[in-house]
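This report describes the architecture of one protein chain, from its overall form to a single residue. Please consult the sequence and the model while reading.

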Amino acid sequence: MKKILIYNTLSRKKEEFKPLKAGHLSFYYCGPTVYWTQHIGNLRGSVCADLIHRTFKYLNYDVSMTRNYTDVGHLTSDEDSGEDKMEKTAKKESLNPDQIAEKYIKIYEEDTSKINILEPKYKPKATENIEQMIDLIQVLMAKGYAYATDLAIYFDISKFENYTSLSRQKLEKNKSGAGSGDFSDVNKRNSADFSLWFFRAGEHKNALQYWPSPFFSTLVENGQGFPGWHLECSAMIKRYLGNTIDIHMGGIEHVSVHHTNEIAQSEAANGVKLANYWLHNEHLLVNDGKMSKSQGTSYSLGEVEEKGFKPLALRYFFLQSHYRSKQNFTFEALKGAQKGLSNIESKIFKLGEEVGEVNNDFKEKFLNYLLDDFNLPKSLAIIPEILKSDLSNQDKLATILDLDQVWGLNLEAVFKKQKEGGLDEKIKEIIKERDEARKNKDFIKSDELRNKLEDLGYKVEDSIDGTSVSKL
Ligand SMILES: [Zn+2]
């Protein structure tokens, strides 16, 4: 087996991957805070993690993929100040935080399924792991790493050596509370100490989500409160994957605060390294700028689909850029990706329905890209090489379908369509008629024709290339 090289944020260089247990990968990805529809920038992060998940599966690893849902404790600032994001949305939408979580988890899971992200092995919700979080805080208190004020339980960063080993920042840059936002507790020992537990007191006295705890504050009964966001990941990792894991991944914005704090809590409590490899995906830009809600550029997958794009075209677009590079999103670029993908699909369609043998030379070439820090963008160049090669159509098909286990472009669906014998003339005629109606903005007729196609057993999708159908 060849070496797998992974860029590790801890060492700032590529290292050879050595699993804790041969043939097994424990992998934790910091999942979404479920208080709104995740934008395509978040989805890009999820796709980056999925590509790594798929790579290890392709290499025959048994992957314990874990991606959490944060449904409490993530304040409007990542640095312990402001309102709880879930509660803010709950008030705005007149729902309770549980309903908000349910609503946005459903949307996220529909979206991840549409862009063909594999289901993780574990998808824990923070609110289902409160007991484990309280246990972890108790260990930190007993070991002298944590202390209580009337407002919160804090992690004392001065007690933890190498607090900035991941971020390599000067401490002044990492203020987790006092002095930032509204949250200021005069009894904090160091300004960068961060909350493990917020008592239902002070600015959080009306918190909607809270649990009793064994911790003491003169301001509340039964230690009522809620966990800090950073602590949640530490507790869930410990419960589902153990004290030390192989890979921990998340967005690049988590290096300075969230992941730094996860390391401090977990390593102080467990006395061992939290993760051997830290991976961070870069941001998605829109029109060369930061995605922004106020400028209307934090698009959701739904908005992208409304403009006539297929979810898999977005996945193909994401595949074109390496996870450690920023990628710039424009609808023009997405249009190019959609064209590129449908071009590949139509070429595969023409290869016929017989599947031959996977070609080892191409597979080898593909592996060389994968093993070099998951260089998926470069690996895409193999598709036209295979198509142009002198392999038989059957072997071309087998090889492309084999590599697509990692790309996840669902090219098998195209081939299956072929196997079903393609579309008969009658269906093609209706599609043509419907495209004509859509062009003339005759939506009544276009809807009628859609119903007709559905009655004949076809699922109808609209795209910029016109009507496309698949068997129901
Ligand atoms: Zn996390």
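The domain bounds used here come from an automatic or database domain assignment. The model is predicted: local features need pLDDT of at least 70 and side-chain atom pairs count only at pLDDT 80 or more, whereas totals for chains, interfaces and linings use all residues. Residues are numbered from 1 along each chain as its sequence is written.

The protein is divided into three parts, listed below.

| Domain | Residues |
|---|---|
| domain 1 | 21–281 |
| domain 2 | 285–419 |
| domain 3 | 425–471 |

Between the C-alpha centres of domain 1 and domain 3 the distance is 46 Å. Along the principal axes, the C-alpha atoms occupy a box of roughly 80 × 55 × 35 Å. The radius of gyration, taken over C-alpha atoms, is compared with a globule rule of 2.2 Å times the number of residues to the power 0.38. For 472 residues a compact globule would have a value near 23 Å, and the protein, with 25 Å, agrees with this.

The secondary structure consists of 16 helices and 14 strands. Helices (H or I, at least four residues) and strands (E, at least two) are DSSP runs, numbered from the N terminus. Two strands pair if DSSP finds at least two bridges between them. An open sheet is formed by 4 strands in the order β5-β6-β7-β8, with antiparallel pairing. Its edge strands, β5 (146–148) and β8 (225–227), each pair on one side only. Strand β7 (residues 194–199) pairs with β8 over 3 bridges in the antiparallel sense, and Trp-197 stands opposite Pro-227 in β8.

A residue is buried if 20 or more other C-beta atoms, placed from the backbone, lie within 10 Å of its own. Of the 472 residues, 44% are buried. A nonpolar core is a set of buried Ala, Val, Leu, Ile, Met, Phe, Trp, Tyr and Cys residues joined through C-beta atoms within 7 Å. The largest such core has 114 residues, and Ile-137, Leu-140, Phe-155, Leu-196, Ala-313 and Leu-314 touch the most other members. Helix α1 (residues 40–58) supplies the largest share of this core, 8 residues. Domain 1 and domain 2 each contribute at least three residues to this core.

Which residues is Phe-155 in contact with, leaving aside its neighbours within four places in sequence? Contact requires C-beta atoms, placed from the backbone, within 7 Å. The partners of Phe-155 include Leu-140, Tyr-145, Phe-194 and Leu-196.

Notes: A residue is buried if 20 or more other C-beta atoms lie within 10 Å of its own, exposed if 12 or fewer, and partly exposed in between; C-beta atoms are placed from the backbone. Two residues are in contact if their C-beta atoms, placed from the backbone, lie within 7 Å.
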